[in-house]
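Let us walk through this protein one stop at a time. Keep the sequence and the 3D view side by side.

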Amino acid sequence: MNNEITIFSGNSNPDLAAKICNYLELPLGGAKVKTFSDGEIQIEINENIRARDVFVVQSTCRPVNDNLVELLLMLDACKRSSAKRVTAVIPYYGYGRQDKKVAPRVPISARLVADMITLAGADRVITMDLHAGQIQGFFNIPVDNLFATPVVLDHIRSKFNLEDVVIVSPDAGGVERARAFAKRLDAGLAIIDKRRDAPNEAKAMAVIGNVKDKVVIILDDMADTAGTLTEAAGALVKNGVKEVHACCTHPVLSGPAISRIRNSDLKSIVVTDTIPLSQDAKVCEKISVLTISKLFGEAIIRSHEGDSVTSLFV
């Protein structure tokens, strides 16, 4: 089976690609990514992939536009090299927050990116924790949207006394995710009433639910500038919690995120390796990383063999 699969990696997340290859007991495919002096990207596939099942691992994280173009060019190169099937493995889907028109005369960027990935030659997409599930409908090809839930649940069960735990959604949009976690952990549920005045600026308001003297875990799909997390942590502390922790799938951590986390009431924040951490984030004692390489490895095997990946959606 494995000798029919080739995995390539772009420059955005080579460590995760290496871990996936490790899990699959496969070597990483030979691809050369060059950048001309004017910033133009050139891709060269250095091995025969004719009639092979190819998986291109690339998160469209910072620098978002460079990594997106790199992904598109790798997909095109693989398609033109007569691969049997090309799957874009996108652990973090950039532009996913722009999934609808929030004002007049603005683009639906998540849809445009989906169109570009399809036109570049992808036959299938495997991604994780899309910001909005309906983004799957922007593609005219199959999309497997995996969830980091199994990995995060294992972490919570191993680190906390579940009798004291309350799962917190930092806003109304994340209630469904938080409720699913609370149900599986048989834990309490609380919600932050958050109001946002401008992009990347959040103001936490009231806490809905009983959190007094509890260990609370804030769940979110991503931490960008960490404004939502730190405001939520402050509101929870004012309501008498014992400890505040956070779990986020995608560690975007841009702008003032690291300083906010360091100076916040958060005791710890657990993220996954869908996006590699910056140097500042790596040395932040509050941040720890869980790997989701096994989930992607399993999804790749099942996709190749035509098996169901439903059990990975737990």
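This is a predicted model: local features need pLDDT of at least 70, side-chain atom pairs count only at pLDDT 80 or more; totals for chains, interfaces and linings use all residues.

Asn67 has a relative accessible area of 4%. Buried means under 20%, so Asn67 counts as buried. Find Asn67 in helix H2. What does Asn67 touch, not counting residues up to four places away in sequence? The list is Ser12, Gln58, Ser59, Thr60, Cys61 and Arg62.

Stay with helix H2, which spans residues 64–80. Now look across to helix H3, residues 109–119. The axes of H2 and H3 come within 8 Å. They cross at roughly 30 degrees. Angles under 35 degrees count as roughly parallel, so H2 is roughly parallel to H3. Which residues meet here? From H2 come Leu68, Leu71, Leu72 and Leu75. From H3 come Val113, Met116 and Ile117. Sort the contact of H2 with H3 by class, and there are seven nonpolar residues, no polar ones and no charged ones.

Next, step back along the chain from H3. The loop between strand E5 (85–90) and helix H3 holds Gly96. Is Gly96 buried or exposed? Its relative accessibility is 4%, so Gly96 counts as buried. Leave out residues up to four places away in sequence, and Gly96 touches Ala110, His131 and Ile135. Take Ile135 from that list. Gly96 and Ile135 are 39 residues apart along the chain. Yet their C-alpha atoms are separated by 7.5 Å.

His131 is the next stop. Look for His131 in the loop between strand E6 (124–128) and strand E7 (143–146). At 37% relative accessibility, His131 counts as partly exposed. Its contacts, leaving aside neighbours within four places in sequence, are Gly96, Arg97, Asp221 and Met222.

Where is Asp171? Asp171 sits in the loop between strand E8 (165–169) and helix H5 (175–185). Asp171 has a relative accessible area of 18% and is therefore buried.

The unreviewed UniProt entry also gives the annotation "binding site" to Arg196, Asp220, Asp224, Thr225, Ala226, Gly227 and Thr228. Of these residues, Asp220 is included in the lining of the second largest pocket.

Look closely at two residues of that group. Ala226 belongs to the loop between strand E11 (215–223) and helix H6 (227–238). With a relative accessible area of 4%, Ala226 is buried. What does Ala226 touch, not counting residues up to four places away in sequence? Its partners are Ala257, Arg260 and Ile261. Now move on to Thr228, which lies in helix H6. Thr228 has 13% relative accessibility, so Thr228 counts as buried.

Begin in H2 with Asn67. Cross to H3 through the leucines Leu68, Leu71, Leu72 and Leu75. End at Thr228 in helix H6.

Methods. Residues are numbered from 1 along each chain as its sequence is written. Side-chain values use heavy atoms; hydrogens and water are left out. Helices (H or I, at least four residues) and strands (E, at least two) are DSSP runs, numbered from the N terminus. Buried means under 20% relative accessible area, exposed over 50%, partly exposed in between (1.4 Å probe, protein chains only). Contact means heavy atoms within 4.5 Å. Axes are lines fitted to C-alpha atoms, for helices over the stretch in contact, and angles run from 0 to 180 degrees between N-to-C directions. Angles under 35 degrees count as roughly parallel, over 145 as roughly antiparallel, 65 to 115 as roughly perpendicular and the rest as oblique. Ala, Val, Leu, Ile, Met, Phe, Trp, Tyr, Cys and Pro count as nonpolar, Asp, Glu, Lys and Arg as charged, and the others, Gly among them, as polar. UniProt positions are given in the numbering used here, feature names are shortened, and annotations may be inferred rather than shown by experiment. On a 1 Å grid over the protein atoms alone, a cavity is a set of points where a 1.4 Å probe fits but cannot get out, and a pocket is an open set with protein on both sides within 12 Å along at least five of seven lines; lining residues have an atom within 4 Å of a point.
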